[in-house]
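Biologist: I would like to learn how to read a model like this, one kind of feature at a time. Please start with a single pair of residues and build up from there.

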Amino acid sequence: MRFTLLPLITSLLFCFSCAESDEPQAPVVQTLDVANSSSSSRKFRGEVEHLNPTDTIVAYGFAWESRYGTWEVKKPGSLGKGIFFISDRTRLSKWSSFTVRAFVETQNGVVYGDVETFSTEDD
């Protein structure tokens, strides 16, 4: 009898470990294309695709880089599910390529979107 219960108990323990966790999932952030990118300005766009009701976004922004440096623009404030954007006027080299990714900061940490590429043009 003892050995016949062992497989049953093992199966039950496995099922309980596979059940969904009560811990909240992190928000899902997507980096969208950069609009109107020139050497003197650009418009970064991102999207929060998933946000748990228990999560509070306390800041959001964009981090970008090239082989010459890194930059970040961050705005405090709450944000919900949907598209967000920030216009930036950091002076960048003309005709250069950069990588960028959107991010949101919650009470649990920072979540980044995928890396996208953009190029600057002449003003």
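**Salt bridges**

Modeller: D88 and R42 meet through their side chains in a salt bridge, with 2.6 Å from N to O. This pair links distant parts of the chain, D88 being in strand 5 (residues 82–88) and R42 in strand 2, 46 residues apart. A salt bridge here is a side-chain nitrogen of Lys or Arg within 4 Å of a carboxyl oxygen of Asp or Glu. A strand is a DSSP run of E of at least two residues, numbered from the N terminus.

Biologist: Before going on, what kind of model is this, and how are its residues numbered?

Modeller: It is a predicted model, in which local features need pLDDT of at least 70 and side-chain atom pairs count only at pLDDT 80 or more, while totals for chains, interfaces and linings use all residues. Residues are numbered from 1 along each chain as its sequence is written, and side-chain values use heavy atoms, with hydrogens and water left out.

Biologist: Is D88 buried or exposed?

Modeller: Buried means under 20% relative accessible area, exposed means over 50%, and partly exposed is in between, using a 1.4 Å probe and protein chains only. D88 is buried because its relative accessible area is 7%. R42, at 2%, counts as buried too.

Biologist: How many salt bridges are there by this rule?

Modeller: The count comes to three. Another one joins the side chains of D33 and R45, at 2.6 Å from N to O. D33 sits in the loop between strand 1 (28–31) and strand 2 (42–50), and R45 is in strand 2, so the partners, twelve residues apart, link distant parts of the chain. R45 is partly exposed, with a relative accessible area of 25%.

Biologist: Which residue forms a salt bridge with K74?

Modeller: K74 pairs with E105, and their closest N and O atoms are 2.8 Å apart. Because K74 lies in strand 4 (residues 69–76) and E105 in strand 6 (residues 97–106), this pair ties together parts that are 31 residues apart in sequence. K74 counts as partly exposed at 41% relative accessibility, and E105 is partly exposed at 22%.

**Strands and sheets**

Biologist: In what order do the strands of the open sheet run?

Modeller: Strands of a sheet pair through backbone hydrogen bonds, either parallel or antiparallel. In this model three strands form an open sheet in the order 1-2-5, with antiparallel pairing. Strand 1 and strand 5 stand at the edges with a single partner strand each, so one side of each is left without a neighbour in the sheet. From one strand to the next the twist averages 25 degrees; axes are lines fitted to C-alpha atoms, and angles run from 0 to 180 degrees between N-to-C directions.

Biologist: How many bridges join strand 2 to strand 5?

Modeller: Two strands pair if DSSP finds at least two bridges between them. Strand 2 and strand 5, which run antiparallel, are joined by seven bridges. Within this pairing, F44 stands opposite I86 in strand 5.

**Aromatic pairs**

Biologist: How many aromatic pairs are there?

Modeller: There are nine aromatic pairs. One of them is F44 with W64, a tilted pair at 4.7 Å centre to centre with 40 degrees between the planes. F44 is in strand 2 and W64 in strand 3 (residues 57–66), so the pair ties together parts that are 20 residues apart in sequence. Both F44 and W64 are buried. F103 and Y112 make a tilted pair as well, 5.6 Å centre to centre and 50 degrees between the planes. Rings of Phe, Tyr and Trp (its six-membered ring) pair if their centres lie within 6.5 Å; planes under 30 degrees apart are stacked, over 60 edge-to-face, and the rest tilted.

Biologist: Where is the bridge partner of F103?

Modeller: It is Y112, in strand 7. Strand 6 and strand 7 (residues 109–112) pair in the antiparallel sense over four bridges, and a hairpin joins them through two residues. F103 is buried at 3% relative accessible area, whereas Y112 is partly exposed at 37%.

Biologist: Which residues do ring pairs link into a cluster?

Modeller: The cluster consists of F44, Y60, F62, W64, W71, F84, F98 and F118.

**A single buried residue**

Biologist: Where does T120 lie?

Modeller: T120 is in the segment after strand 8 (116–119), and at 1% relative accessibility T120 counts as buried. Contact means heavy atoms within 4.5 Å. Apart from neighbours within four places in sequence, T120 is in contact with S37, S38, S39, L92, S93, K94, W95, S96 and F98. A polar atom of the T120 side chain lies 2.5 Å from the backbone oxygen of S93.

Methods:
Polar contact = N/O pair within 3.5 Å; in protein donor to acceptor, adjacent residues only side chain to side chain.
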